[in-house]
Amino acid sequence: MTTRPPDPLQGSYDPRSVEARWYPIWEGSGAFRPEVNPDGEPFCIVIPPPNVTGVLHIGHALDHSIQDAIIRRKRMQGYATLWLPGTDHAGIATQMVVERELALEGLSRHSMGRKAFVEQVWQWKRQSGGTITAQMRALGDSCDWTRERFTLDEGLSAAVSEVFVRLHEKGLIYRGQRIINWSPGLMTAISDIEVEYREVDGRLVHITYPFADGDGEGITVATTRAETMLGDTGVAVHPGDDRYRHLVGRTVRLPLMGRDIPVVADEAVEPDFGTGAVKVTPAHDPLDFDISLRAGLVPVQVIGEDGRMTAAAGDFAGLDRFEARAQVVEALRPAGTSKASRSTAIRWATAPAAACPSSRSFPTNGSCGWRSWSARRWRWCRKTWPGSFPSVGNGTTSAGWRTSRTGASADSSGGVIGFRPGTAKPMAR
């Protein structure tokens, strides 16, 4: 009879063999569910849902480790703990990925329709969404997987609509026309935090707007986007600028369009930039839009959602905005209203909004960050197809619009949904 020698001890601990065996046992036994402590005080953490389009990175590993440590300690202390797992549909990123796959088949979301496209997103999620949850299990996240959620789940979409309607009923949100970041390629709004700014060399074109009554030479403005002048509804100057103060209230004629527009005064104008006189295009510039609200100027949209000039652009309708830019400059030359141009570095940014003084943060040291964020990210808008669509439509309420939990009495056309900081009063559209 021979004795089998013992297996040699490994030189180092190999967590993969141990964790691969024990994690399924823990999960299968229900050890991560709050029911293991049925009489305990509830304690819950909703995991910040990772985007379903990607994979976990080192930041996720750190964040999940901290949350897991908190959850496991509370569980050992007898709390009925729930660490709720889930993934985010990541509207824009998901839409891009799925659209690329459809393009290989000669299809597009527009040819399919929204319902079929959303089903395609769900199919893609079922195929690729397991990568992240597998990583979370490999990290040892003690989540209750029986309650796993996806942000497009029917229940969550209903919750979004419910919260939306309640905010409207309390007067905390409004609908109105606002300047947003728009992607002609994706046909959706882009939030401020998703925009990457960069400086580019642009041509600063000088254009003279003659006075409507023919008395005097007119006012010269400078712009890097000549095509937007087709949508001008005013010219703004600084009220303290001695060069133009006496011209406020006069009317100039918009070249190429023949529209008479007023000269207004506004402190937002920078006297040292360009000529000190600013063409006001409310529909296509955030600063101009703010000026138009104060001066009572009506926006004229000359660039459509597809990046092409609209019928309001007159003879330039149908052109791509960049093609229109060059043609507008050329069209101005024979009339003598376009002067020499020069190169300049331009960086576009959006104007800030008021902070929310009534907000409360826990822990309290987060209040400064929240107020800074809410001051800069005051409006919300999204038109991606894989997403929640609260129903908004024209109505007879004091604000001129209505919301619906079921979608039966409202439509989703037009406007931007905004957060109204620190007030319950209706905001004019």
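A residue counts as buried when its relative accessible area is under 20%. Keep that cut-off in mind as we walk through this predicted model, starting with a single threonine. Thr 228 has a relative accessibility of 2%, so it counts as buried. You will find Thr 228 in the loop that links β9 (219-223) to β10 (234-237). Leaving aside residues up to four places away in sequence, Thr 228 touches Thr 223, Lys 279, Thr 281, His 284 and Ile 303.

Ile 303 also leads us onward, as one of the residues touched by Met 309. Others that Met 309 contacts include Glu 227, Leu 230, Phe 316, Leu 319 and Ala 324. Met 309 belongs to the largest nonpolar core, a set of 28 residues. Together with Tyr 209, Ile 219, Met 229, Leu 230 and Val 235, Met 309 is among those with the most contacts inside this core. Two or more residues each come from β8 (200-209), β9, β10, β11 (251-254), β12 (259-265) and α9 (321-332). The largest share, 4 residues, is given by α9. Apart from this core lies another, of 11 residues, including Phe 32, Trp 83, Ile 132 and Trp 145.

Now for a pair of helices. Helix α3 (residues 91-104) packs against helix α5 (residues 114-128) at an angle of about 100°, and their axes are 10 Å apart. Because of that angle, α3 is roughly perpendicular to α5. From α3, residues including Val 97, Val 98 and Leu 102 take part in the contact, meeting Phe 117, Gln 120, Val 121 and Trp 124 in α5. Sorted by class, the contact has 6 nonpolar, 3 polar and 2 charged residues.

Note on methods: Residues numbered from 1 in each chain as written. Predicted model: local features only at pLDDT ≥ 70, side-chain atom pairs only at ≥ 80, totals over all residues. Heavy atoms only, no water. Buried < 20%, exposed > 50% of the residue type's maximum accessible area, 1.4 Å probe, protein only. Contact = heavy atoms within 4.5 Å. Axes fitted to C-alpha atoms, helices over the stretch in contact; angles between N-to-C directions. Parallel < 35°, antiparallel > 145°, perpendicular 65-115°, else oblique. Nonpolar A, V, L, I, M, F, W, Y, C, P; charged D, E, K, R; others polar. Core = buried A, V, L, I, M, F, W, Y, C linked by side-chain atoms within 4.5 Å.
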